[in-house]
Amino acid sequence: MPNMTGLSGNEIYCLNLKGFTPGELVIGNSVFSMGFLGSLAAVGRGFMGGEVPQITSVIHDGRLQSYRRMVTEAEQRGGVGVTGVTNELRTFHGSTEFLSVASTIHSTNPAAAGIHRKFTTSADGQELYCQLDCGFTPLQFVFGNIAYSIGAGGGIIGSLKAMGRGEIKEFSDVFNRTRHLALERIVSEARQVGGNAVIGIETRTMRFQGVHEMLMLGTASHHPGLAVAGMQQSGAALNYQSAPAADPHAAYPGQPVSSDLTNEEMWNLVHIGYLPMKLVLGTAVYSLGIVGGFKALFASFSRGEISPLTSLIYDAREHAIGLIRDEATAIGADDVVGIKIHIHEHNNLLEFMAIGTAVKRFSNVTTVSKTLPPQAIMKDKDTWVSAGHGIAAAAARSRGATAGV
């Protein structure tokens, strides 16, 4: 029978260079309902703003259930690992389906490839090549999520303060707190499975049940350059669920490091001696204010610069960047790289979020290969274009398609 895989030609080529062959496509799903009581509790909590634990829990359980079912199917298919794990959701008829899709891979000699246990990873075949060549051994797909609301209470306070120009700290605090909680949760999962790093983090925000969900997903990994003497490499039998024992003194800088660098970017940095330390992020929510709003409105009738908006947006960006600079300084980073600034509009408020990865240089760190093969950075052209999405789209996340159903 033919082998049914979601891996592309470029992925298969890159994995072959590391001694892997493609395996079967595997799928896990779960359909959840919030329930009447959960919805009432969420509404009550939503007034105060911040996390809505009931919705966080439902989403987390649904995502975990679909992931576990995918892993069970992968165990039946055999192989040494599961690559390109997705974790999506869609809502229909008042219910939510959680979907995980990935492809198994095989190896005749996993130890030679540096694999000492079965693994799952969010990295596709090209990204996995980069991770392995950087010295990162994948352990497990991990995620951290939080459902949050600004809340009616925060909205009232914010509306009053929005009459003045400048930062609305109540909103900034809510967004900063929720975003850092999602990061703490994915790092905690990485720690629990014996990782000293969680890399390739992707961050998504979406609407769900009247609130927002922030999701971070990535791969818990181990890198010897991040550990002090005493870290032992496990020789345990291959098992998707068992993690190698970690030395309690092993982590630098004291917990699993985190990075949202693409795997290709990370390869380039590791090649010249840098390792990630922490994903750093900061949020600032600003209001132009009533007076400034009127000035901007009248100024927009004529051609030329709108000075109130120029200065406000400049100040807000600088403040968000300053927050991540302070966080990076506190952990002793050499640089913050890959900084991106996202701007979201919430009624009359503007949210500015700066995010990047703090890195540090090491004298004895580099990649296995001198150069990346072209196949590791080439993106396949999507050959199916549709207004809807299907399982094929979820399997083709690495090819630039939107993953989901």
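Is aspartate 133 buried or exposed? Aspartate 133 is buried, with a relative accessible area of 0%, where buried means under 20% relative accessible area, exposed over 50% and partly exposed in between, with a 1.4 Å probe and protein chains only. The model is predicted, so that local features need pLDDT of at least 70 and side-chain atom pairs count only at pLDDT 80 or more, while totals for chains, interfaces and linings use all residues. Residues are numbered from 1 along each chain as its sequence is written, and side-chain values use heavy atoms, with hydrogens and water left out.

**Salt bridges**

- The count comes to 11 salt bridges, a salt bridge being a side-chain nitrogen of Lys or Arg within 4 Å of a carboxyl oxygen of Asp or Glu.
- Aspartate 133 and lysine 18 meet through their side chains in a salt bridge of 2.7 Å, N to O; this pair links distant parts of the chain, with aspartate 133 in helix 4 and lysine 18 in the loop between helix 1 (9–17) and strand 1 (21–32), 115 residues apart.
- Helices (H or I, at least four residues) and strands (E, at least two) are DSSP runs, numbered from the N terminus.
- Between glutamate 88 and arginine 204 there is a salt bridge whose closest N and O atoms are 2.8 Å apart, and it links distant parts of the chain, glutamate 88 lying in strand 4 (residues 88–92) and arginine 204 in strand 9, 116 residues apart.
- Glutamate 88 counts as buried because its relative accessibility is 13%, and Glu88, Glu202 and Arg204 are linked in a network of salt bridges.
- A salt bridge also joins arginine 179 to glutamate 351, with the closest N and O atoms 3.0 Å apart; arginine 179 is in helix 6 (residues 169–192) and glutamate 351 in strand 14, 172 residues apart, and the pair links distant parts of the chain.
- Arginine 179 counts as buried at 2% relative accessibility, and glutamate 351 counts as buried at 1%.

**The largest pocket**

- The largest pocket holds about 480 Å³ of space, a pocket being, on a 1 Å grid over the protein atoms alone, an open set of points where a 1.4 Å probe fits, with protein on both sides within 12 Å along at least five of seven lines.
- Its lining consists of 25 residues, of which Ile201, Glu202, Thr203, Asp260 and Lys340 lie nearest the centre; lining residues have an atom within 4 Å of a point.
- The elements that give two or more residues to this lining include helix 4 (125–133), strand 9 (197–208) and helix 7 (263–271), and strand 9 gives the most, with seven residues.

**Surface patch and other sites**

- On the surface, Ile339, Ile341 and Ile343 form a nonpolar patch with about 220 Å² of accessible area together; such patches are made of residues with over 30% relative accessible area and no salt bridge, nonpolar side chains being joined within 5 Å.
- Isoleucine 343 is found in strand 13 and counts as partly exposed at 39% relative accessibility.
- Isoleucine 115, in the loop between strand 5 (95–106) and strand 6 (119–120), is buried, with a relative accessible area of 3%.
- The C-alpha atoms of isoleucine 115 and glycine 81 are separated by 9.0 Å, the two residues being 34 residues apart along the chain.
- In helix 7 the buried residues are Asn263, Glu264, Met266, Trp267, Leu269 and Val270, and the helix is followed by glycine 273, whose phi is positive, near 105 degrees.

Notes:
Grid points are joined across faces, edges and corners, and a volume is the space filled by probe spheres set on the points. Patches are made of residues with over 30% relative accessible area and no salt bridge: like charges are joined within 9 Å, nonpolar side chains (Val, Leu, Ile, Met, Phe, Trp, Tyr) within 5 Å. Accessible areas come from the Shrake-Rupley method with a 1.4 Å probe; for residues, only the protein chains shown count as cover.
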